[in-house]
Amino acid sequence: MSGRERSDGSSKRRVAYIYSPEYIETCDTLSKVPNRASMVHSLIEAYGLLQHMSVVKPRAATMEEMAMFHTDSYLQHLHKISQDGDNDDPQSADFGLGYDCPVVEGIFDYAAAVGGATLTAAECLLDQKCEVAINWAGGWHHAKKDEASGFCYINDAVLGILKLREKYERVLYVDVDLHHGDGVEEAFSFTSKVMTVSLHKFSPGFFPGTGDLRDTGLGKGRWYAVNVPLEDGIQDDRYFQVFTSVMQEVRSQFNPEAVLMQLGADTMAGDPMCSFNMTPVGVAQCLQHVLQWQLPALLLGGGGYNMANTARCWTFLTASVLGKTLSSEIPDHEFFTEYGPDYSLEISPSCRPDRNDSKHLERVISTIKGMFHSIPVYLIKLFKNSTAGGKAGFSVKGNPD
Ligand SMILES: [Zn+2]
């Protein structure tokens, strides 16, 4: 699908923005990011960006739709404890509910709302109502089929990919959140129809602890998971360099028909995670690199624990998708006082050192390129033997199953 051409020759994308007051109110209740959904939406609205997008009201996901990925026992338990916000149910720990994923009243409705919003976004793309669909309150990439994890109760990214797969043969997942997109990688680790790419901090003791360079998928999905482990302090330029090197390979090898991108903003300078040192400009460059492929694109949020910086980032990205330039001065609106002391849209990198040495980054890039181009023959043989006629990675690229 290509964007419509304007008379000045530039491409004008049709963008669907998933929003309703009720949806934002529901998402505001999430205890780890209180009021974040409102702050993000208010800033996008204050900059006058809504008039350039189709604002689409989301629907809630049904139990059956959530069960496309999650187990019945997990969903039934979430539903049960959601009635009265019971935090003491002895079964909850088995489902990852508790410390990192506290139970609050209505948590099931929250999960159904987020899942439904990402499904609504995917449907806009399937129906060709837009080229880009945005759900900033989605992107909960850690949730497993039977377990809440890392503030994520439902994996709306997985549900969105499954919906896109109803029409598109090969769907690419790109995750630029600070954390490894483990839930999405795991969900599709055995298939060659979905390639997952995650750039993330990878360091002993850092959540979720997965996403090693050597983790490349399993069975038929081997070589269809790409992990880019990074160290603290990376800034826009080098991140973009790594991103483009990896994505050029990914695109030429996988040839995706649609893309789902998780744009978690916990990589921003000033985030309490205090790890990467990015600004919205760098993330927008990465996003534009993907959007210029002119494939149907579903954009999700994710992490982002400095609320003002997260709103700055996703507002800047929304403007970037629309080809709009925004004033540096934060417009007067409900949350204006949160943007002090400079009341500026820009985020300045901090002076923390970049712990990624060039040799490490070169090794990461060359390992990933090597994985695509020169998979050792003995590994392919080994793999073929171990899967009794199964397909070995890119040697069968032109003949997907
Ligand atoms: Zn994160």
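Which residues is Gly150 in contact with, leaving aside its neighbours within four places in sequence?

**View 1. Surroundings of Gly150 in the predicted model.** Leaving aside neighbours within four places in sequence, Gly150 is in contact with Asp100, Cys101, His142 and Phe207. The residue is found in the loop that runs between β5 (132-135) and α6 (156-164). With a relative accessible area of 8%, Gly150 falls under the 20% limit and is therefore buried.

**View 2. Positions annotated as "binding site" in UniProt.** According to the unreviewed UniProt entry, this annotation covers Asp100, Gly150 and Tyr305. The three positions span 206 residues in sequence, yet no two of their C-alpha atoms are more than 14.2 Å apart, so they gather at one spot. Of these positions, Asp100 is also among the contacts of Gly150.

**View 3. Surroundings of Tyr305.** Tyr305 lies in the loop between β10 (297-300) and α10 (307-322). Its relative accessible area is 17%, and Tyr305 is buried. Not counting residues up to four places away in sequence, Tyr305 touches Lys32, Val33, Phe151, Asp266, Asp271, Pro272, Met273 and Thr310.

**View 4. The largest nonpolar core.** This core has 135 residues, and those with the most contacts inside it are Val226, Tyr239, Phe243 and Leu263. Helix α5 (residues 107-126) supplies the largest share of the core, namely 14 residues. In soluble globular proteins, nonpolar side chains tend to be buried together.

**View 5. Surroundings of Phe243.** Phe243 is one of the residues with the most contacts inside the largest nonpolar core. When neighbours within four places in sequence are left aside, Phe243 is in contact with Val174, Val176, Leu199, Met261, Cys286, His289 and Val290. Among these contacts, Cys286 is buried, at 1% relative accessibility.

**View 6. Cysteines Cys27 and Cys286.** The structure holds 0 disulfides. For Cys27, which is in no disulfide, the nearest cysteine sulfur is that of Cys152, 13 Å away. Cys27 is buried, with a relative accessible area of 5%. Cys286 is likewise in no disulfide; here the nearest cysteine sulfur belongs to Cys313 and is 11 Å away.

Methods:
Residues numbered from 1 in each chain as written. Predicted model: local features only at pLDDT ≥ 70, side-chain atom pairs only at ≥ 80, totals over all residues. Heavy atoms only, no water. Core = buried A, V, L, I, M, F, W, Y, C linked by side-chain atoms within 4.5 Å. Buried < 20%, exposed > 50% of the residue type's maximum accessible area, 1.4 Å probe, protein only. Helix = DSSP H or I, 4+ residues; strand = E, 2+ residues; numbered from the N terminus. Contact = heavy atoms within 4.5 Å. UniProt positions renumbered as here; feature names shortened; annotations may be inferred. Disulfide = S-S within 2.5 Å.
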